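Colleague: I would like to learn how to read the side-chain contacts in a model such as this one. Could we go through them one kind at a time?

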Amino acid sequence: MWKLKISEGDRFVRTCRGYLGREIWEFNEELGSSDERAAVERAREDGTLEPIIFVTEYFPLPLIQFIFISVTKYLSAEKLAKENNFDIMAKKSKPENMEGGEKNISASLQKAVNYLSVIQAKSGHWPGDLPGPIFMTTYLIIALYVTESLNFLSLEHQKELRRYLYNTQNNDGGWGLNVGGPSCMMSTSQSYISLRLLGEEAYNEKLYEARKWIHDHGGVTLIPSWGKIWLAVLGVYEWSGVNPLPPELFIIPSFLPIHPGKLFVHVRMLFSAMSYLYAKRFVGPITNMVLSLRNELHIQQYEKIDWNQARKLCSKEDRVVPHLRYRDYFNGILYKIYEPLSAYWPFKLARNRALKALENHMQYEDENSRYIWVSALQKSLFLVASWARDSNSNAFKSHLARVPDYLWVGEDGMKFKCCSSQLWDATFAVQAILACDFAKDLGRTLRKTHDFIKDSQILENPSGDFKGHFRHMTKGGWSFAIVDQQCPVSDCTAEALKALLLLSDISTHIVGEHIKSERLYDGVNFLLSLQNPDGGFATWELSRSYPWVEVFNTSEIFENIMQDYSYVECTSAAIQALALFKKKYPMHRRGEIEKRIGNAKNYVKNIQNDDGSWYGSWGLCFTYATWFGIEALVAVGKTYENSKSIRKACDFLLSKQLSDGGWGESYLSSFKKEYVHLEGNKSNVVNTAWAILALLKANQFERDPNPLHCAANYLIDMQLDIGDFPQQGMTGCFMTYGLMNYMMYRNIFPVWSLAEYHKKARFSKMN
């Protein structure tokens with residue numbers, strides 16, 4: 001059986017605050033009864049895995065853990081809650097009449113919030129999965145193989161990884177960039193490789209279908225550029241088939257727009273490791289498995305492949321970035337002229353200097369991030385790069401020790417999470433709970449969350465010359481995941497500030513000691529440091545270059561990745577936090593904050609689409625961003641009556657409401673940049689909650705409450721008996737084509753929206 005361990009570590013896991021929020025899965029063959037363990041094995045074989053609720057000593061309240069067993073063994077949350085002296089159905093209220101049908105909204109809210117409290121970890125956050133593109137899991141498997149560390153994963157880990165890959169395989173034999181998406185060369189070839197490295201035989205039916213897909217679509221030489229790098233590292237592709245990644249870019253004058261220090265932090269970190277491995281021409285051990293994969297993946301003899309031609313190829317199923325001919329010319333110059341010269345003086349001196357600069361830079365980033373990266377993309381590459389530098393180093397051992405931070409066991413198997421979202425989810429959860437009229441009855445839940453958010457603030461800047469390592473300041477900010485990560489984000493900081501400011505209105509007897517004003521000042525200072533000249537707020541860093549640098553985007557599978565841009569979501573969160581802070585602390589930097597809020601408001605208005613929507617870059621998609629757009633404008637005093645922007649936004653949202661009362665937006669909206677309903681015009685509880693919050697903020701209830709009645713009824717109808725809501729699909733996105741699934745959103749946003757709706761409905765009855 002699997003057990004989730006919270007806030008634990010060992011000597012190779014470096015921490016600045018006692019492993020706060022860390023979550024790792026451990027397999028214990030003695031856990032559970034013999035009948036339950038037997039049921040798990042049967043369920044694995046016939047694919048009927050369902051969640052079971054399991055009590056663990058690591059939580060003062062039971063964690064709803066995804067321990068998999070047949071549905072006949074399912075235990076209810078009510079039963080476990082009572083066993084732990086927690087009444088999940090406490091304080092039921094009488095049914096209330098709502099327009100559109102009789103619903104017991106108070107009982108529904110009580111049930112949902114109590115369930116949310118039951119699944120809270122002892123550290124104060126809510127553990128959960130955050131899956132991203134499939135190839136992130138395959139990167140890890142390849143990285144462990146080439147570093148001769150695959151046995152770092154137990155046999156049970158490997159079994160669950162195999163199960164995940166098989167469960168995400170498409171009917172045509174391939175794998176999509178995202179789960180359920182159309183098959184592509186990147187995910188298909190790397191999933192095939194991963195299964196082979198995990199011990200699967202080439203002749204099994206599923207791998208035969210995958211291999212056929214690869215061959216039918218031109219062979220593995222058509223994998224996109226990032227995939228080519230991983231195949232070269234493994235040894236099933238030659239480095240001479242990879243477009244040059246010159247590390248010398250790190251030693252050119254830093255003011256140049258193409259210096260890596262100007263790039264988006266995700267891409268800068270990727271390029272650091274990729275260019276290092278490229279310059280080293282690092283290749284893992286050439287084993288019999290690697291030699292066999294060369295024959296299995298290519299449609300011609302390995303020795304006869306034209307690698308110069310292969311480096312220019314990309315499958316049409318993968319490419320989303322336009323093929324630019326002048327990029328081919330640029331790469332050709334580097335490939336045919338500069339790279340041969342780099343082996344000779346004086347170019348060799350420049351390369352050696354660049355490699356030393358890169359090693360110093362990567363070591364600095366490793367130590368300051370405590371070997372946790374902003375996403376799994378960077379983690380696997382830095383793991384390999386640390387091995388390439390010194391396979392016996394403490395750096396490699398520290399990297400390896402942090403691998404479990406990214407692994408998550410779900411109904412579909414084990415995956416390498418895109419990243420973790422402990423702080424992010426906690427800030428939204430506390431705002432959702434505080435919206436309930438019985439929030440003060442949940443002191444233990446609020447106190448734990450309050451402590452977690454306070455303890456997650458970063459209290460100092462990165463060590464040494466952080467600007468020389470292209471880092472932004474960090475003091476006062478909050479990371480997306482845990483404090484050990486030390487990579488603060490604008491909207492995470494803004495949402496944390498909002499949560500703390502709201503909690504400061506509640507007695508310390510209920511929520512514990514309030515955060516000191518000086519730390520709030522630090523948070524505001526960090527937040528203000530991320531406002532761009534256009535008035536908008538970026539994510540991790542300021543926009544440091546120009547949009548035209550996108551012509552150097554060689555990923556082929558993502559777009560708008562070369563610099564950190566301003567986003568409506570980040571800008572709105574910043575506006576809301578600063579406006580709330582200004583009310584609480586009216587004399588602190590008042591003039592500056594008012595000016596910054598004004599500039600941010602103008603940015604939000606200027607980027608609104610003609611149809612009234614905003615495009616979402618971090619959530620799906622127009623529904624998510626339009627909620628943030630309305631929240632921003634209302635925070636600065638705009639209303640439906642005095643703001644054309646809000647009126648247009650409301651009209652847009654109302655035009656997308658479905659016949660069942662809900663909203664349901666497809667991930668295709670992100671791709672196509674136009675609103676697309678879910679297939680079959682199905683609604684989604686998270687999309688619906690966002691729309692309710694937006695419309696309530698714009699006082700839709702006072703104008704015409706019927707759309708909100710219908711939406712609230714839809715949410716209550718969708719609620720499960722234990723208080724949970726169904727998991728219905730992807731809710732997050734990044735870099736346009738990458739999708740993420742925030743598992744906690746289904747629990748947080750329905751609670752928040754129903755609580756706000758309940759307040760409006762009760763106020764309306766009173767008047």
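Predicted model: local features only at pLDDT ≥ 70, side-chain atom pairs only at ≥ 80, totals over all residues.

Colleague: Which residues touch the most other members of the largest nonpolar core?

Modeller: The general idea is that, in soluble globular proteins, nonpolar side chains tend to be buried together. Here the largest nonpolar core has 231 residues, and W226, L234, F558, W627 and F749 touch the most other members. Helix α9, residues 265-280, gives the most to this core, with 11 residues. To follow one member, take L234: leaving aside residues up to four places away in sequence, L234 touches I142, Y145, V146, I193, L197, V283, P285, I286, V290 and L293.

Colleague: How many salt bridges does the structure hold, and which parts of the chain does the pair E238 and R294 link?

Modeller: The structure holds 37 salt bridges. In one of them the side chains of E238 and R294 meet, at 4.0 Å from N to O. This pair links distant parts of the chain, with E238 in the loop between α8 (225-234) and α9 and R294 in helix α10 (residues 288-297), 56 residues apart. E238 counts as partly exposed because its relative accessibility is 30%, whereas R294, with a relative accessible area of 16%, is buried.

Colleague: Where do E556 and R319 lie in the chain, and is E556 buried or exposed?

Modeller: The side chains of E556 and R319 meet in a salt bridge at 3.7 Å, N to O. Their positions are 237 residues apart, E556 being in the loop between α20 (517-528) and α21 (568-584) and R319 in the loop between α11 (307-310) and α12 (325-341). With a relative accessible area of 9%, E556 is buried, while R319, at 22%, is partly exposed.

Colleague: Why are D451 and K454 separated by about one helical turn?

Modeller: They are separated by about one helical turn because D451 and K454 are three residues apart in helix α17 (residues 443-455). Salt bridges can also share partners, and in this way R22, R402, D405 and D484 are joined into one network. Returning to D451 and K454, their closest N and O atoms are 3.4 Å apart; D451 is partly exposed at 31% relative accessible area, and K454 counts as buried at 10%.

Colleague: Turning to the rings, how many aromatic pairs are found in the whole structure?

Modeller: A search of the whole structure finds 48 aromatic pairs. One of these, F250 with F470, is tilted, with 6.3 Å from centre to centre and 45 degrees between the planes. F250 is in the loop between α8 and α9 and F470 in the loop between α17 and α18 (490-503), so the pair links parts of the chain that are distant, 220 residues apart. Both F250 and F470 are buried.

Colleague: Why is the pair of F428 and W752 tilted?

Modeller: The planes of the two rings stand at 45 degrees, with the centres 6.0 Å apart, so the pair of F428 and W752 is tilted. F428 is in helix α16 (residues 422-434) and W752 in helix α29 (residues 745-766), 324 residues apart. Ring pairs link both into a cluster whose members include W424, W627, W690 and F749.

Colleague: Which charged end sits over the ring of Y278?

Modeller: The charged end of R281 sits over that ring, 4.0 Å from its centre. Likewise, R311 lies over the face of Y335, at 4.2 Å from the ring centre.

How values were computed. Residues numbered from 1 in each chain as written. Heavy atoms only, no water. Core = buried A, V, L, I, M, F, W, Y, C linked by side-chain atoms within 4.5 Å. Buried < 20%, exposed > 50% of the residue type's maximum accessible area, 1.4 Å probe, protein only. Helix = DSSP H or I, 4+ residues; strand = E, 2+ residues; numbered from the N terminus. Contact = heavy atoms within 4.5 Å. Phe/Tyr/Trp six-rings, centres within 6.5 Å; stacked < 30°, edge-to-face > 60°. Lys NZ or Arg CZ within 6 Å of the ring centre and 35° of its normal.
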